[in-house]
Amino acid sequence: MIITVKQTCRICGNNQLSPIFDFGSMPPANTLVSKSDFAHEQPFPLQLMACFDCAFMQLRHVVAPDLLFRDYAYMSSSSQTYLDHFSTLADTLITRFKFPARSLVVDIGSNDGSLLKAFQVHKMHTLGIDPARNLARLAAKQGVQTVCAYFTEPTAKKLVQKYGPARLITATNVFAHIDNLQDFLAALDILLTKDGIFFAQFPSLVDLLEKNAFDTIYHEHLSYFSITALKRLFGRNHLDLFDVDYSPIHGGSLRIFVQKKGGGMKKNNRSIHSFLEREQQFRLHEPKPYMQFAQNVQKVERNLRRLLKKLRDQKKKIVGLGAPAKGVTLINILRLGTKEIDFITDSTPSKQGLYTPASHIPIFQEEVLRKWPPDVGIIFAWNFADEIIQKTQFLKKRGFKYIIPVPKVTVIS
Ligand code: JHZ
């Protein structure tokens, strides 16, 4: 089955989910295409639902994971900011939990191995798990042993037999991709040592709604988590959420620390409560913030479309800076194409030479900005705006303008 409908809440089973926004039919955001693919592209519905009981959002449709993840365009190493972030994250986890050298660290959704490389600096044994064949091969070539698989209960059984249990399991920007959370948590229970730690990082629901990051809603992201929802989820699965903190990465991410029930880590009640309180104050249990969000989405759609038309009428050359999954989502929500955007640049070699799905805007390497200098650049990778602006200072001499699309359309000269 290529697509299934998820009628009930992934956390609590509630079958009274409320529709929040219908983005229409959209191609998968990370599936960049070549000319020969144009005739075979397949869009899928993208509809957002909320469970007010759990303070949680999920997609109504689940696209078969093999279609999204077996050949994956996104690479963690494509931004220096992100590499630095991983390096700090590894330092922080090693310092806090004092894992002995050569402890096993497993990264789920290990991508090109960027995070595990940062653990190797600390003399940890590392093992990556990722379903993307292209990335598993690439990571292995660079010295990061990677098993090409989804993290499920049967996979965890095989891994624990072959490699032994892990002291630390990490999952950065993976948890929202999992359809069957119960199976994922059962797999964790199998692979973690008794005193092991599970660390996950993923975009925060409050931040998504507050900062209007609607472009981060795409088929890969099945779930949009709050701490309220996660506390419920872990409580029911013999796991203990013992700490929570926050990182500004990717527009605002939650970081959770989990151990097996009865594990030795002291609960940071103060921090957990402060997150729960923030969610309560934001009224995540009520329709209001979700309805406000839906209005904000429409406002950005209107304003960006109007601005692009005005600039095009003035014969401005407009390009996209970065071709992240969220940029593809934004382009397709607004039904933009080469009429509005001449081309996009991206630092990831495997994205260069391809086209955005459905909208067919070409993606080039960043060096073309010197050869074909534009008048306006939309920073699709707005989470790395500082890095991109810094890198493209040479454009500013000519009165160049940047557009940042969210939380509201902003022009920077
Ligand atoms: P970036 C990814 O989403 C994918 P994306 C994933 N689905 C997920 O969950 C989220 O992260 C959280 C380019 N770039 O990291 C590189 C430049 O071209 O925002 C990347 O293609 N020049 C796992 O795809 C893109 O922008 C630059 O100077 O939305 C950034 O993608 C820089 C800094 C980046 O993730």
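A cavity here is a set of grid points where a 1.4 Å probe fits but cannot get out. The model is predicted. By this rule it holds five cavities of 30 Å³ or more.

## Enclosed space

The largest cavity has a volume of about 70 Å³. Its lining is made up of A176, P203, S204, L205, L208, T216, H221, S223, Y224 and F225. Two elements give two or more residues to this lining: helix 7 (205-210) and strand 11 (223-224).

A pocket, unlike a cavity, is an open set of points. The second largest pocket contains about 230 Å³ of space. It is lined by 13 residues, and T31, V33, H40, E41 and Q42 are the closest to its centre. Its lining has eight nonpolar, three polar and two charged residues.

## The ligand and its shell

There are 26 residues around the ligand. Which of them come nearest? They are E220, K326, D346, E366 and K391. By type, the shell divides into 11 polar, eight nonpolar and seven charged residues.

Helix 11 (325-333) and helix 13 (385-391) each supply at least two residues of the shell. Helix 13 gives the largest share, three residues.

| Side chain | Distance to a ligand oxygen atom |
|---|---|
| K326 | 2.5 Å |
| T348 | 3.5 Å |

How much of the ligand does the protein bury? Taken alone, the ligand exposes 730 Å², and the protein buries 97% of that.

S247 lies in strand 12 (residues 239-247). Is S247 buried or exposed? Its relative accessible area is 5%, so S247 is buried, the cut-off being under 20%. A polar atom of the S247 side chain lies 3.1 Å from the backbone nitrogen of I249.

Q58 sits in strand 4. Q58 counts as buried because its relative accessible area is 1%. A polar atom of the Q58 side chain lies 2.8 Å from the backbone nitrogen of R10.

E279 belongs to helix 9 (residues 269-281). Its relative accessibility is 4%, so E279 is buried too.

## Backbone details

Some loop residues deserve a look at the backbone.

A55 has a positive phi of about 55°, although it is not a glycine. A55 is found in the loop between strand 3 (44-51) and strand 4 (56-59). Strand 4 is also the place of Q58. Is A55 buried or exposed? A55 counts as buried because its relative accessibility is 0%.

H360 also has a positive phi of about 55° and is not a glycine. H360 is placed in the loop between strand 15 (343-345) and strand 16 (363-364). With a relative accessible area of 23%, H360 is partly exposed. That value falls between the cut-offs for buried, under 20%, and exposed, over 50%.

Where is the cis peptide bond that involves P407? This cis bond joins V406 and P407, with omega at about 0°. P407 lies in the loop between strand 18 (401-404) and strand 19 (410-412).

Terms used
Residues are numbered from 1 along each chain as its sequence is written. This is a predicted model: local features need pLDDT of at least 70, side-chain atom pairs count only at pLDDT 80 or more; totals for chains, interfaces and linings use all residues. Side-chain values use heavy atoms; hydrogens and water are left out. On a 1 Å grid over the protein atoms alone, a cavity is a set of points where a 1.4 Å probe fits but cannot get out, and a pocket is an open set with protein on both sides within 12 Å along at least five of seven lines; lining residues have an atom within 4 Å of a point. Grid points are joined across faces, edges and corners, and a volume is the space filled by probe spheres set on the points. Helices (H or I, at least four residues) and strands (E, at least two) are DSSP runs, numbered from the N terminus. A residue is near a molecule or strand if one of its heavy atoms lies within 4 Å of it. A polar contact is a pair of N or O atoms within 3.5 Å; within protein, one must be able to donate a hydrogen and the other to accept it, and residues adjacent in sequence count only if both atoms are side-chain atoms. Accessible areas come from the Shrake-Rupley method with a 1.4 Å probe; for residues, only the protein chains shown count as cover. Ala, Val, Leu, Ile, Met, Phe, Trp, Tyr, Cys and Pro count as nonpolar, Asp, Glu, Lys and Arg as charged, and the others, Gly among them, as polar. Buried means under 20% relative accessible area, exposed over 50%, partly exposed in between (1.4 Å probe, protein chains only).
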